[in-house]
Amino acid sequence: MAPLLEVRNLTVAFDTPDGTVHAVNDVSYSLEEGETLGIVGESGSGKSVHALSMVGLIATPPGRIVRGEVLFNGRDLLALSQRELFEVRGKEIGFVFQDPMTSLNPVLTIERQIAEPLRRHFGMSASQARTRVVELLELVGIPDAARRARQYPHEFSGGMRQRVMIAIGISCNPKLLIADEATTALDVTVQAQILDLVRDLKKKIGTTVIWITHDMGVVAGLADTVQVMYGGRIMERGPVRAVFHDPRNAYTWGLLKSLPHGGRRGVTRLYQIPGNPPDLTKEPVGDPFAPRNPFATERCRTETPPLGEVEGSVAGHKAAAWYDLRAALAATQVQP
Ligand SMILES: Nc1ncnc2c1ncn2[C@@H]1O[C@H](COP(=O)(O)OP(=O)(O)OP(=O)(O)O)[C@@H](O)[C@H]1O
Ligand SMILES: [Mg+2]
């Protein structure tokens, strides 16, 4: 079966007074129907821009899609007109962004806001839409849905507003749901509830999900596949277990090593990846992580490593590295 989404060589830049920001560089991956992909990477690594540019949501200018294709159900989204993209957004691809306070309109009732895409995409009547809104609010776990639907965003708690955003994101039963830091601002209990909800929805409606987050724990609990981004590139990608237990890219290794973990030895001092994030206004040359990578070779500085299948791991585990991380760690006797 053809993948639901196939991103090929996606490259996005911003033309700014300080120069060209190379935000997304040659990103290629595919996503099967029903799969949940977790995307991680430090701030500025291109996670949001990659997702927004796929569906025509970056401002152009300053943004510019330099090249690439984004095949969704076999159709190149980058070749569609704004009008055609408008049809795809919300209907076939749903979004949930961080900070529902700025994403929800404060002067419209929750019902109006959830009903809007339903009326727009399906031509539902007001009463049909109302029934569906209540159904959706119940689905995302909002009690007393019929009454709550008539309220305004400020009458909802942060967690409840985030549920409303998810209700909007899934209202048209999208084939693909893209969530960008959708639970980051929420406390852990609410976050856990929302993740349960997403797992539940996947079971009920079988949505394919891209979940962008800083939180490796969330990825571990939700995703089938994890994709690690750095400097606008994919550094490593694969089944969550394989990548977390046997990372082959030094950035992934650093990220995992910097996670707090208790264990029998108690809390150890947290590792911090040394150095600074890459300057994206420089023309990308070589491996973007090379300047911060203790295992980098000369080749890493001059030649970009391709994202290739990893030897001795499971199928689909890919990493971009010229060095052999396992051998390098063994040689320095650093604990993996
Ligand atoms: N409108 C813009 N103009 C100029 N540069 C931009 C613009 N939007 C994004 N960028 C730059 O593109 C790069 C990638 O940004 P992006 O928002 O994708 O990062 P991110 O991985 O989502 O980070 P975060 O985890 O903080 O959300 C950053 O260097 C950012 O400054
Ligand atoms: Mg972002």
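1. Two strands pair if DSSP finds at least two bridges between them. Strands here are DSSP runs of E, at least two residues long, numbered from the N terminus. With that in hand, take A13: this residue stands opposite R64 in β4. The model is predicted, and the points below should be read that way.

2. Start with the strands around that position. β1 and β4 pair in the antiparallel sense. Eight bridges hold the pairing on record. Both strands belong to an open sheet of four strands, ordered β2-β1-β4-β5, with antiparallel pairing. Its edge strands are β2 (19-31) and β5 (75-76), each of which pairs on one side only. Helix α1, residues 47-54, packs on this sheet. The helix touches β1 (5-16), β2 and β4. Its direction makes about 110 degrees with that of β1.

3. How many bridges join β4 to β5? Two bridges do, and the strands run antiparallel. Because two strands need at least two bridges to pair, β4 and β5 qualify. F72 has R75 of β5 as its bridge partner. L71 stands opposite D76, also in β5. The hairpin of β4 and β5 has two residues between the strands. In this hairpin N73 takes a positive phi near 55 degrees.

4. Where is N9 placed? N9 sits in strand β1.

5. The peptide bond from T60 to P61 is cis, with omega near -10 degrees. Another cis bond joins P61 and P62, with omega about 5 degrees.

6. Next, ligand 1. Which residues are closest to ligand 1? They are S43, G44, K47, S48 and V49, out of 15 residues that surround the ligand. The largest share of the shell comes from α1, which gives three residues.

7. Several polar atoms approach ligand 1. An N or O atom in the side chain of S43 is 2.4 Å from an oxygen atom of the ligand. For S45 the polar atom is in the backbone, 3.1 Å from a ligand oxygen. V49 also uses a backbone N or O atom, which lies 2.8 Å from an oxygen of ligand 1. Taken alone, ligand 1 exposes 630 Å², and the protein buries 66% of that. β1, β2 and α1 are the elements that give two or more residues to the shell.

8. Five bridges join β6 to β7, residues 176-180. These two strands run parallel. I93 stands opposite L176 in β7.

9. Last, the domains. The protein chain is divided into domain 1 (95-223) and domain 2 (245-332). How many Å separate the centres of the two domains? Taken over C-alpha atoms, the centres of domain 1 and domain 2 are 35 Å apart.

Technical notes
Residues are numbered from 1 along each chain as its sequence is written. Chains are lettered from A and ligands numbered from 1 in the order in which they are written. This is a predicted model: local features need pLDDT of at least 70, side-chain atom pairs count only at pLDDT 80 or more; totals for chains, interfaces and linings use all residues. Side-chain values use heavy atoms; hydrogens and water are left out. Domain bounds come from an automatic or database domain assignment. Contact means heavy atoms within 4.5 Å. Axes are lines fitted to C-alpha atoms, for helices over the stretch in contact, and angles run from 0 to 180 degrees between N-to-C directions. A residue is near a molecule or strand if one of its heavy atoms lies within 4 Å of it. A polar contact is a pair of N or O atoms within 3.5 Å; within protein, one must be able to donate a hydrogen and the other to accept it, and residues adjacent in sequence count only if both atoms are side-chain atoms. Accessible areas come from the Shrake-Rupley method with a 1.4 Å probe; for residues, only the protein chains shown count as cover.
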